Structure formats: structure tokens, C-alpha cells
Amino acid sequence: MWRLVPLKLGRLSRALKLAALGSLLVLMLLHSPSLLASWQRNELADRRFLQLNKCPACFGTSWCRRFLNGQVGFEAWGRLRLLDFLNVKNVYFAQYGEPREGGRRRVVLKRLGSQRELAQLDQSICKRATGRPRCDLLQAMPRTEFARLNGDVRLLTPEAVEGWSDLVHCPSQRLLDRLVRRYAETKDSGSFLLRNLKDSERMQLLLTLAFNPEPLVLQSFPSDEGWPFAKYLGACGRMVAVNYVGEELWSYFNAPWEKRVDLAWQLMEIAEQLTNNDFEFALYLLDVSFDNFAVGPRDGKVIIVDAENVLVADKRLIRQNKPENWDVWYESKFDDCDKEACLSFSKEILCARVTVDHNYYAVCQNLLSRHATWRGTSGGLLHDPPSEIAKDGRLEALLDECANPKKRYGRFQAAKELRGYLAQLSHNAR
């Protein structure tokens, strides 16, 4: 029932980094002709590099014209394929430009998984379809569960996809209608009816939902409507493009105090927005670390840039079904684990309660308070406050109660007071 979330990827030790760099230099010398070729060639215009040949076992095709026309290109060192072994997460930085616009802008490209995870995806599709680990994915996909909704199926229903990923751990029909209606990888978006999608688009939708639903989170809760997520741009094969936000939150760990206070206030406001909003969807962040947020260089706005592990609970459905203890406030249990960026939670409880403090707990424990640890540091984003604030003691007391409450329902009250206090300190008070 309970799940402990450790840091996804451990940091490479200094020795391993040095060894890797040494090996890289040797490889560069041995393969200088191919190195030059990879530098000069725009691989983002290559159908095989984009893995477009694997569709419909892919994430979409809405941006293929831009990729194949050479409008998207890697930045500097991103052109060197020899560096890919260091890029475990398969995240790239690129430049994109429309001929009519004249300028170029920075975008982030994601394969939504590591090479190993993508290879496992291919093997699982083949084994389900043919019983063998290798096959023609184009022929195999219609013989898997990703094709179960092909044909004259009207709706994407909870029974079809419940539990496939965090996004649909406990989906309501209202949430699934929203996912289909806002699905960006079809020309006929805007309808919640599945029958308006081609069979290939339905399979792409279901595969994305199961493998890594981040694109669907960004599409269904778009930044254009005020949600704190990066803007989804499109996909081609197994490459997804999102808007570049800015430097990761970690780069502000030692920023001036006033800046850190403003960022902390924004983080608490994000926790509040995702928990309580007019749409009555609670979006719970199950993976919270300094790397999963970024800060806009111009407006200083904090944005979530990794939305793979977001659980959405429909509060209307909970009120309607009234599961056991549905109206009892739920307090997340503090877990002082020995790993970085860990959280303890019960997905079943998140899905069954209307009033939950999980997002406040996650932000306070993993980002703001003295319990936050990341890359060998401790103290959280609000470390080393000015002497007058440290002497007053109110900030430390609120952070401690928000991370590890001593009173019953103490975190709810502490989070509310902390939002107000940080707004006052950062001059964001309304």
C-alpha cells in the first residue's frame, strides 16, 4: 500500500566522470571522421533517428514536418552522438525556428525514457504480440492491448486504462474525456469521442499513457490556461518537444535570499493550485526534487518540467462515490529516509480523500525545509536566512510543522500560514 520514492538516478561519482571523459577523448580521436560527420549532419531530420519507423508504437507525428524540414536542430555538443552515453535521461536541448518568424527559440526534446526503458518497451510489445523479443512493431501493435479500443469504440473508459500509470491510477470518466478532447497528436482534437481518432492515433495515445504520460499531463493541463507546467509543442516518432523554461531550480540554491524567498512562495502556491482548484481535479506530485522544476529567466516564474509522476484524483467523483473516510482530512506521514528526494504516500488514499496535504508535504520536505537534501547539500531552498528572520524563529517553525507536523492537521494550518508569511517576505502579499 505504501510506496517510498527514492531518487530516480544516482549521481555519477567524480572518479567515474573522469574515467568517462578520458574514454570519451580516446573515442573522439579514434572516430574523428564520424565525429565530424555527426557535427555537420542534422540528425533531427533523420526519420530513423526520430524512430518514426516505430509508429504507431511512438508518441505522435504532429511535429514531423518541422523536424523533417530541418527547422529543429541540436545545440552545440548535443550534435555529438558520442556523448549520448552520458545522457541517461535522453533529454536534449535544441533550436527551433519557423521561416516566417525569422528568429529561433530554444526547445527541450525528450524521448520520455532511457535507452534501456525504450528497448524494454519494444520487447514487451513484441512478446505480447508474437511471443518473441523482436518483431516488426508496425505489425505487432494491432495485436496488443494498445489496439483494444480500435474500431467503433465511442469512449476511453476507466475500466480500459485504470492503473496503467500514475496519471490514471484512479481515473474518472471526466478526466479521460479531458485527455481525449485535448489530445494534441490528432488533427481533429476538440472532441472527447474516441471514434474521431484514427486507429494509429488511438494506439499512440494509449502507449503514451502507459509508458510515460507526461505529454498528456502537459496537454490536459496546459500552461496557456495557467497550469504550472511546461508548454507541450508536439512530437515526431519517439521524440517529444516542449518549451524551454529556464535553468533548473537547483541552480538557484545559493541565489540571494530575496530571490529564494520568492521561489519558495511560488512553490507553495503551486502546491495549493494543484491541490485546490475550480476544476476539482487534485494533481498530486509523486516525484519532487530540485531537478523537476525550472525558473524562467525573464519573469522568474517557477514551472514544473518533469510531469511523469503526477496522480490526478477527481474530487467530484470522490464526493459522489463516498468511499470510506472520504471526508476525513488526510495527513501525509513524514519519512526521514536516508535517500535524496524521497516521499512516502499511499496512492489508494490519495484517490479516496477530498482533503489531502500531500503537495504541501512534498514541497516542504523535499525543497524548502531543513529536511531537504539534494546533491550532497542539506538545509533546503530557505537555508541560512537573515539574522533577524532566524532570530524571530517563525519561518523555521512553520517549515518544520509543514514538513513534520507535531499537531493534528498541523500541516494544513502551517502551509496556509507559510504561504502568507512568504508572500509578506517576498512582497507578493495580495
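## Disulfides in the model

A search of the whole structure turns up five disulfides, a disulfide being a pair of cysteine sulfur atoms within 2.5 Å. This is a predicted model, where local features need pLDDT of at least 70 and side-chain atom pairs count only at pLDDT 80 or more, while totals for chains, interfaces and linings use all residues. Residues are numbered from 1 along each chain as its sequence is written, and side-chain values use heavy atoms, with hydrogens and water left out.

Let's start with C55 and C58, which are joined with an S to S distance of 2.1 Å. Their link is right-handed, with 105 degrees about the S-S bond. C55 is buried at 14% relative accessible area, and C58 is buried at 0%. Here buried means under 20% relative accessible area, exposed means over 50%, and partly exposed lies in between (1.4 Å probe, protein chains only).

C126 and C135 form another disulfide, with S to S at 2.2 Å. The torsion about the S-S bond is about -85 degrees, so this disulfide is left-handed. C126 is buried, with a relative accessible area of 2%, whereas C135 counts as partly exposed at 25%.

## A link between distant parts of the chain

C170 and C351 are also joined, with S to S at 2.1 Å. This link is left-handed, with -80 degrees about the S-S bond. The pair connects distant parts of the chain, 181 residues apart: C170 sits in the loop between α6 (158-161) and α7 (173-181), and C351 in the loop between α12 (347-350) and α13. The helices named here are DSSP runs (H or I, at least four residues), numbered from the N terminus. C170 is buried at 15% relative accessible area, and C351 counts as buried at 15%.

## How α13 packs on α15

What is the angle between helix α13 and helix α15? Helix α13 (residues 358-368) and helix α15 (residues 394-403) pack at about 120 degrees, with axes 8 Å apart. Axes are lines fitted to C-alpha atoms, for helices over the stretch in contact, and angles run from 0 to 180 degrees between N-to-C directions. The two helices are therefore oblique to each other; under 35 degrees counts as roughly parallel, over 145 as roughly antiparallel, 65 to 115 as roughly perpendicular and the rest as oblique.

On the α13 side, Y360, Y361, C364, Q365 and L368 meet L399, C402 and A403 of α15, where contact means heavy atoms within 4.5 Å.
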